[in-house]
Amino acid sequence: MTILVTGATGKLGSKIVEKLLQTVPASELAVSVRNPAKAEHLRTLGVDVRHGDFDQPATLDQAFAGVDRLLIISADGDNETRIRQHNDAVAAAARAKVGFIAYTSVTNAQESSLMLAPVHQATEQAILATGIPYSFLRNNWYLENELSTVQAVQAGAPWVTSAGSGKVGWATQDDYATAAAAVLPAGHENTTYELSGPLLTQDELAAAVGTVLGKEVTVQHVDDNTYADIMKNAGLPDFLLPMLVGIQQGIRERQLETDHSDFEQLLGRPVTPAVEALRQLIGQ
């Protein structure tokens, strides 16, 4: 059996490969990466390192050849680019007659109005259209996404948000990686897993940050325009501002609030609590 992980040198992908190597022989594991040189450390462990570039669909035919179980990790970029890349990857998987496709999606993908949701809606639909057995890993939100805000708080800034009282199911990439690694070796055909940590508001997450830092964290609730201005003044590039505001809007509109989570089922344990997870990430 051959399991292949795309984007295996990325932040999430590298963690998933690390988890898989704890339970799967390296000889059964392959990775598809844009720059194979960056995965040389995996090759030395016995992992089959293959060149696969979502922007060069022809490379994916060879990358996916002989693969039994495939994990497509969602790419970065604007929605139009990502939809094209993902469609090309799914088409290549179908041509290679891959036996199973897992995909890192987003919370409540098919009903969500989150600005990132169209990518995941299109990709899930493309996978379903192939008829290949699948597992959709609908990840909520990475706690690591908030590290820049945590660092600003450490430097004395308030926790700034326009998300209002909307709740998010933050969890660490390590927990999401563990869940993905549980799905890949066998089983889980035609499943959808809503993966969310305990739901917290911005105020509640900021309070958890305060507990870890040993200081009171002031939360500054603002409107979207003010939020964009503050982010711009903090040095963030203009092209990122609409995305950042869109995420805040999506949270405010409760697009990341889930009424259940399948996390513990895949982890075999509770999701890492926010305070403990923050301690791990911040190093306190």
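The dialogue below examines how several terms apply to this predicted model.

Tutor: Local features of this predicted model need pLDDT of at least 70, side-chain atom pairs count only at pLDDT 80 or more, and totals for chains, interfaces and linings use all residues. Residues are numbered from 1 along each chain as its sequence is written, and side-chain values use heavy atoms, with hydrogens and water left out.

Student: Why is H4 called roughly parallel to H5?

Tutor: The axes of helix H4 (residues 79-95) and helix H5 (residues 117-130) cross at roughly 15° and come within 9 Å. Angles under 35 degrees count as roughly parallel, over 145 as roughly antiparallel, 65 to 115 as roughly perpendicular and the rest as oblique; therefore H4 is roughly parallel to H5. Helices here are DSSP runs of H or I with at least four residues, and strands are runs of E with at least two.

Student: Which residues of H4 and H5 meet?

Tutor: Contact means heavy atoms within 4.5 Å. Among the residues that meet are Ile83, His86 and Val90 in H4, and Val119, Ala122 and Ile127 in H5. By class, this contact of H4 with H5 has 8 nonpolar, 6 polar and 1 charged residues, where Ala, Val, Leu, Ile, Met, Phe, Trp, Tyr, Cys and Pro count as nonpolar, Asp, Glu, Lys and Arg as charged, and the others, Gly among them, as polar.

Student: What makes the pair Arg34 and Asp53 a salt bridge?

Tutor: A salt bridge requires a side-chain nitrogen of Lys or Arg within 4 Å of a carboxyl oxygen of Asp or Glu. The N to O distance for Arg34 and Asp53 is 3.4 Å, so the pair qualifies. The two residues are 19 residues apart, Arg34 in the loop between S2 and H2 and Asp53 in the loop between S3 and H3. Both also belong to a network of salt bridges with Asp55 and Arg84.

Student: Why is Arg34 called exposed, and why is Asp53 called buried?

Tutor: Buried means under 20% relative accessible area, exposed over 50%, and partly exposed in between (1.4 Å probe, protein chains only). Arg34 has 52% and therefore counts as exposed, whereas Asp53 has 6% and is therefore buried.

Student: How do you know that Glu194 and Arg138 are buried?

Tutor: Glu194 has a relative accessible area of 8%, so Glu194 is buried; Arg138 has 9%, so Arg138 is buried too. Their side chains meet in a salt bridge at 3.0 Å, N to O, linking strand S10 to strand S6 across 56 residues.

Conventions. Axes are lines fitted to C-alpha atoms, for helices over the stretch in contact, and angles run from 0 to 180 degrees between N-to-C directions.
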